[in-house]
Amino acid sequence: MTATTSTTTLVLPVPSAAVSTPERRRTTRHYLVCEPRHFAVEYSINPWMDPSAPLDTDLALAQWRALVEVYEALGHRVSRIAPVPGLPDMVFAANSGTVVRGRVLGARFRAPQRAAEADHFRTWFQANGHPRVVMPTRVNEAEGDFAWTGDLLLAGTGFRTDPAAHAEAQEVLGVPVVSLSLVDPAYYHLDTALVVLSEATPDHRAHIAYYPEAFSAGSREALRTLYPDAILATPEDAACLGLNAVSDGHNVVVPREATHLSARLTESGYTVHPVDISELRKSGGGPKCCTLEIRA
Ligand code: ARG
């Protein structure tokens, strides 16, 4: 600015966060979702599932529709796969494929009750522009245990995905994989304990949030080394499945009870979109579980 008058120029102090916080840039995403028309808690394959507890399936459907409306209002592309009777967990689309740079690795479920889901998703991929989907030979619960950071694939194991599936993912997808061990049965999938908020760029490492106590000591150390600026979630954030969030780089869709995490996200430059997922949580799921990202 050129000073043309003798008026005193007031220099306002810039808050330090504005200097150190990188711009949180949104990119348009493509999500695959599955309406919970046949949703139920009929068996128990994680500590959240109690088949004897009351479940409001109409409310589950309404909450799911509200979630999809948030994605659409944010300008994302949403594709739908038809739900299949007898597969009550098919709403958790994240478990059915890992798509990175246009390559697709399908799923192989640990629980026999979910096994048939994998083939329905394989068929969807083949009919929707991904004829070369590769089906895994090892137990692989896809984005439930795989999180793409923009430069590497974080891979969870301990309860569901076989560690050998990590090497298989590296072979099929051709991206570096970092294995992480989960130790708390309540956080049985990686996406219940860790979320990628913004992907790595040439100038910035990826930004993530996670719940340290869900990981083994060595995995915690590895996460600290890779992501020293990560947001660390509290036990309360984790206990409402707050980390099962979905970010487009700027907007983060978060279970509404995760108030501490939401405050930290806002401080870090994100816009938080709280959603109510009380009924899906009774199956151990949240927004991210319902959402498979297609990275063209
Ligand atoms: N009831 C489902 C199961 O235990 C929930 C899956 C949640 N999905 C996820 N990506 N964490 O398999």
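**Reading the labels on residues and ligand**

Student: Why is V41 called buried?
Tutor: V41 has a relative accessible area of 11%. Buried means under 20%, exposed over 50% and partly exposed in between (1.4 Å probe, protein chains only), so V41 counts as buried. The model is predicted: local features need pLDDT of at least 70, side-chain atom pairs count only at pLDDT 80 or more, and totals for chains, interfaces and linings use all residues. Residues are numbered from 1 along each chain as its sequence is written, and side-chain values use heavy atoms, with hydrogens and water left out.

Student: Which residues does V41 contact, leaving aside its neighbours within four places in sequence?
Tutor: V41 is in contact with M49, D50, P51, L55, K282 and S283, those neighbours left aside. Contact means heavy atoms within 4.5 Å. One of these partners, L55, is 14 residues from V41 in sequence and 7.8 Å away in space, C-alpha to C-alpha.

Student: Where in the fold is V41 found?
Tutor: V41 is in the loop between strand 1 (30-33) and helix 2 (57-73). Helices (H or I, at least four residues) and strands (E, at least two) are DSSP runs, numbered from the N terminus.

Student: What makes E279 buried?
Tutor: E279 has 5% relative accessibility, which falls under the cut-off for that class, so E279 counts as buried. E279 is placed in helix 8 (residues 278-281). Its contacts, not counting residues up to four places away in sequence, are F39, L55, D56, L59, A60 and Q63.

Student: How do you know that V246 is buried?
Tutor: Its relative accessible area is 6%, under the same cut-off, so V246 is buried. V246 is in strand 11 (residues 246-247). With residues up to four places away in sequence not counted, V246 touches Y31, Y71, N251, V252, V253, P287, K288 and T291. V246 and L197 are 49 residues apart in sequence, with 7.7 Å between their C-alpha atoms.

Student: What makes the link between the side chains of E267 and R264 a polar contact?
Tutor: The distance is 3.2 Å. A polar contact is a pair of N or O atoms within 3.5 Å; within protein, one must be able to donate a hydrogen and the other to accept it, and residues adjacent in sequence count only if both atoms are side-chain atoms. E267 is in helix 7 (residues 259-267) and counts as exposed because its relative accessibility is 52%.

Student: Which of the 15 residues around the ligand come nearest?
Tutor: They are N46, R114, R160, D191 and C289; a residue is near a molecule if one of its heavy atoms lies within 4 Å of it. A polar side-chain atom of R114 is 2.6 Å from an oxygen atom of the ligand. A side-chain N or O atom of N46 lies 2.7 Å from a ligand oxygen atom, and one of N95 lies 3.0 Å from a ligand nitrogen atom. Taken alone the ligand exposes 350 Å², and the protein buries 100% of that.

Note on methods:
Areas by Shrake-Rupley, 256 points an atom, 1.4 Å probe, with all protein chains shown as cover.
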